[in-house]
Amino acid sequence: MTAELDHVWRQIQGALRESVGERTFGLWLAPLRCVSLDRENLVLDGPPEVSAWASQRLSRALASATASVLGPGVRVSIAGTGMAAQEAPSPLPTLNPKYTFEQFVIGPSNRLAHAAALAVAEMPSQAYNPLFIYGPPGLGKTHLLHSVGNYVNAFGGGLTVRYATAEEFTNAFLAALAARSLETFKARFRDVDVLLIDDVQFLERKARSEEELFHTFNALYDAGSQLVITCDRLPGDLGDLEQRLRERFAAGLVTDIESPDRATRVAILRKRAAHDGVDVEPGALELLAERVTANVRALEGALIRLVAYGSLTRRRLDAQLAAEVLQRLGVAPASRQVPSIVAVQAAVCERFSLTTEELLSRSRAERVVWPRQAAMYLCKELTDHSLPAIARGFDGRDHTTVLYACKRVAAHIAVSPPAYRDIEVLTASLNISS
């Protein structure tokens, strides 16, 4: 493809992304390649299966995108031979330059994940390999993944980095199968020093893609390359993924990211406002941080909405405007304050006349075991913390210990009225109204 033809096709691809969305584009249009162009015809080529589907279902979108770039009257056709796909594989996403360690706000909810990602970026394949970061959507897993890649690109002395979501890995694999270009696919994902795979849960129930990632994982690991993987849950909870792949994921360091606490949410908003060069009054930031607690993505979205609304109405970005924006977003005031792990432990110690040292100790005495298990159970039921985070709050225990304690408490309160009363009283004391 000539440079001019390549430029035109990239412009058309941009229009297609906007019209059909990133998911449809990645699956059905990214594998297509521009073969030739004259005043009347634009000829594309790609894997037969992809080309047939695109011709049938996306011909109107292709024609519209082409007309927006080249003007009306240019006919679009897709050869479907797969030859162009063999020559040039579909593009993978590039790293987002805005996602760096400097722009990542550190707090209690993500401190370990940040430290591990930075260690991996500084010493690929020497610190933790693989590094597996998990947590709910919108908390910063992708930010850390891109930060690793950007750091290695800047300071890695020429080490090569490849980033892809699990969905994009699958799409590229299927396109390579259709085009009979598996060797090209393998070279793209195995001839690298650092491989970053995002949202690996997407591979569940995709047997062939799972198998290919398993072999890719082994090839990279044996070659001394670094792997960093993100997911929405623990490796052991990926029940529809092959056991051997789950075992590979769990073989290195597994660390979680949780929802940020209030102080971290305020810091995130301050950094984002400073980065964007907007003057937001502290009261507005405090209100957004107090009310938007779901995840970082929702938090930054609320700030963007506030700035946009202020710009349109020419009003100050203060607490009053923030309250109006939150109301428009349907965000109600918090009904209660979520207790901390320390608060739960303190309440349990008071009820059972224990010291914190006794509660967190390794003692197996009966007077200590039940309160400790009750405290773990209440932390799981009343706080927003994950099992590993709760375990860390109990003198660095394993998350399986917390899970076991929760099961024991649930069974005990079902048959023991005194035990049920303990949990009932503690729950009432910890559900503090705001």
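**Discussion of selected residues**

Modeller: Please bear in mind that this is a predicted model. Let us begin with G283, which lies in helix α13, residues 282-291.

Biologist: Is G283 buried or exposed, or in between?

Modeller: G283 is partly exposed, because its relative accessible area is 36%.

Biologist: How far apart are G283 and D261 in space?

Modeller: Their C-alpha atoms are 17 Å apart, with a separation of 22 residues in sequence.

Biologist: Turning to D198, in which strand is it found?

Modeller: D198 belongs to strand β6, which covers residues 194-198.

Biologist: What is the nearest side chain of opposite charge to D198?

Modeller: That is K141, at 6.4 Å. D198 has no salt bridge, although it is buried.

Biologist: With which side chain does the D198 side chain make a polar contact?

Modeller: With the side chain of T142, at 2.7 Å. Beyond its neighbours within four places in sequence, D198 is also in contact with residues including L145, Y163, T165 and T230.

Biologist: Now helix α9. Which of its residues are buried?

Modeller: In α9, residues 182-190, the buried ones are F185, R188 and F189. Viewed down the helix axis, these buried residues fall within an arc of 85°, so they line one face of α9.

Biologist: Why would residues three or four places apart point the same way?

Modeller: An α-helix has 3.6 residues a turn, so such residues point the same way.

Biologist: What do the buried residues of α9 pack against?

Modeller: They pack against strands β5 (161-165) and β6, and against helices α8 (166-179) and α10 (207-222). Strand β6 is the one in which D198 is found.

Key: Residues are numbered from 1 along each chain as its sequence is written. This is a predicted model: local features need pLDDT of at least 70, side-chain atom pairs count only at pLDDT 80 or more; totals for chains, interfaces and linings use all residues. Side-chain values use heavy atoms; hydrogens and water are left out. Helices (H or I, at least four residues) and strands (E, at least two) are DSSP runs, numbered from the N terminus. Buried means under 20% relative accessible area, exposed over 50%, partly exposed in between (1.4 Å probe, protein chains only). Lys and Arg count as positive and Asp and Glu as negative; His and the chain ends are not counted. A salt bridge is a side-chain nitrogen of Lys or Arg within 4 Å of a carboxyl oxygen of Asp or Glu. A polar contact is a pair of N or O atoms within 3.5 Å; within protein, one must be able to donate a hydrogen and the other to accept it, and residues adjacent in sequence count only if both atoms are side-chain atoms. Contact means heavy atoms within 4.5 Å. The arc is that of the directions from the helix axis to the C-beta atoms.
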